[in-house]
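The following paragraphs go through parts of a predicted model. Please keep the sequence and the structure in view while reading.

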Amino acid sequence: MGKRNRRRQRERGQGLKSTAPQRIFYPSTELPLAELLLEPGTPAETADMCRAYWEFTTPGTWARPVAAIGSTNHVYKSVKAASTLALLTILCPSCAEPTTVSTRSDMTATGHWGEDFPTTPVNARIDCGNCRAATAAAAVTEREQAKARQKERDARQVENASQWVAKQMAVPIASESPGTVLAGLTLLSMVEIMEKSSASSVGALKNLDYTFTGQRSSDVEAYRQLFRGAWAVPTLPATIGDFSFDENDNVTGVYITETPWTLPAWMGEEMTERLEEARVDMQQFLTENIDGVHEALIDIDANMAVAYMNGYLVRHYNETEIAEERLPDAFASMRKARSEGFSLEQLIAVAWSSMAGAVSWGQRTRGLRPGSVAKAAVTNLERRFGYAKDRPVLEYDVPNWVPRPAARATAHRFLAEHEKTEAPIREFRALKQRMNEQASKHVEFDDDMAEASVDTSGGTPTFDFSKLFAGTPERTGHPLTFIAVAPEGKLTVLTGTRAEMQQVAGHPYNMAERLPLDGVDYLDAFVPVFADSTVHRQNPVATRMVELLGGGYGIVNGTVVFFQTGSTLNPQNLDEEHQALVLSAHRAATALVDAGPVAAPLPTTGWPEDSRPEWPAAHSDDDINDCVECGRRMYGTGLCEVCQKL
């Protein structure tokens, strides 16, 4: 039994020794340039295939082709799975270990397979497979860490951007005006768009299919002006890409075209309050800069006409657009014609004629360079406008493909409303100036129609106001014609004595005081002695009339009576001219009241420098005193204006 076991162990040991991996060098053991490395447990048949595959005697030439070893696919697959060849003289530049190859193609890719195969150690062109795997794993780890850092930074930037937007929303007003008229029109257009769409903001400029001013660059500048004055602020939704940040991830600015815009909180708590505040403020600003509105509208129309020329040349004539260096000339010609009275539709007609002539010339002339027709159309513009200046010009409709700036429609609506208010004011001022000029040359000698002061010592008056307003008053003195304006704004021409006149103004307590109207000669008013807002309601129309007629600023309550005076300041009949003046003042005042708070305060431009009245800052009973010479009620102390003239 012992001999048999020993024999079996000896045979088993010999079998293990035959399958153990052996070191195989190429081309020989004496000149080891490469070593074949077999995977543990490789079958003998596969090991023999690997030896045959990798064998070489001279670098650059293999001992046998692959086809001589076996099936090509089988050989490639088996050799690559069971063996690698370590190049003993080509070392990894990172770890200094011999580089390994898995196929003959990998050997060729080293760039050393040939007669110049190094016999002494040199660095490989690339890292070995293990180093490349380690580098790839490190890169994956770095990317994951960078992704985590970027996620953390994005969260920090989102927080900072949200805080910045909230801070901008709460910023106080920085400027009393939006800066430019075009910016004011842009903000008014934004308000109209938000009101019409019931939205709380206007979308990002990059997403709008229209412009406010006609050009996107002008829109950006208008937004910049509004942002600087805290008239408009960016809002959410937005992304962190819409903001710029410093190295600490603090917001340094916002890209104007990328974010929605809204109205700041200083305009009101609710969006409806903000919209109303912005609308009123912008209408007031534009009213004060009405000439600038006209100029801005001219610029917008000129730009639209140039855009029409560019589009028509390309769409209908297959020509190039106007060269950039000629665009200022085209705009200047359009703007000049628009300023001289041409409408936008007439600009379109003349532009069409100019382009038609240029295209006809281009078809008759050979060898023209691209863009020559467009240049000729621009050259023709000024000449054709000059020809059409004194002749009737047709109006062509603006094509639908020409962009309509939102500010243009806003400007037209604003000017139409302004004209409704301004026309009666102009009429009143012209009539007032003419009457004052006539009064300065007029000398009155007869004042016998004046009545004595009313005696209120007899107790409560029994005057029938309904009969007075019906035109059949009970007269106790010489009748006078006067005009009464009720709190609701109704104007009535009445006839009655001075006592009845004061009763109308002092109703219901028969307490009235005289209000001098220093802006018009020989015209004054009776106003009630104010009791409370229940008895004497505010009279906004009469308030405006008093301002227009030079009676100062301040709220007037109750019914106001306007009457004529003479040189002795006693009440007289309102003649036709003074009646016309009061009626004109009523129309102007009604227009101002209908215009709302936009019309306040009353513009003071247009008065002749030598006749502009010095109006008090506010209407107060404490400011009214008697003239030391004639006893006339007036603002201030000393002599009234009439006594000063005398």
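Which residue in S16 is the bridge partner of Ala484? The partner is Val561. Strand S16 covers residues 560-565 and pairs with S12 in the antiparallel sense, over three bridges.

Ala484 also stands opposite Thr492, which lies in S13. Strand S13, residues 491-496, is joined to S12 by antiparallel pairing over six bridges. The two strands S12 and S13 make up a hairpin, with five residues between them. In the turn of this hairpin, Gly489 has a positive phi of about 100°.

Strand S12 itself runs over residues 480-485, and six of its six residues are buried, so the strand is largely enclosed by the rest of the structure. Buried here means under 20% relative accessible area.

Helix H10, residues 327-339, has 13 residues and reaches 18 Å from its first C-alpha to its last, close to the 18 Å expected at 1.5 Å a residue. Its buried residues are Ala330, Ser333, Met334, Ala337 and Arg338. These cover an arc of only 130° around the axis, which puts them on the same side of H10. The cover over the buried residues of H10 includes helix H9 (290-315), helix H11 (344-364) and helix H12 (372-388). Just after H10 comes Gly341, with a positive phi of about 120°.

How values were computed: Residues are numbered from 1 along each chain as its sequence is written. This is a predicted model: local features need pLDDT of at least 70, side-chain atom pairs count only at pLDDT 80 or more; totals for chains, interfaces and linings use all residues. Side-chain values use heavy atoms; hydrogens and water are left out. Buried means under 20% relative accessible area, exposed over 50%, partly exposed in between (1.4 Å probe, protein chains only). Helices (H or I, at least four residues) and strands (E, at least two) are DSSP runs, numbered from the N terminus. Two strands pair if DSSP finds at least two bridges between them. The expected span of a helix is 1.5 Å times one less than its number of residues. The arc is that of the directions from the helix axis to the C-beta atoms. Contact means heavy atoms within 4.5 Å.
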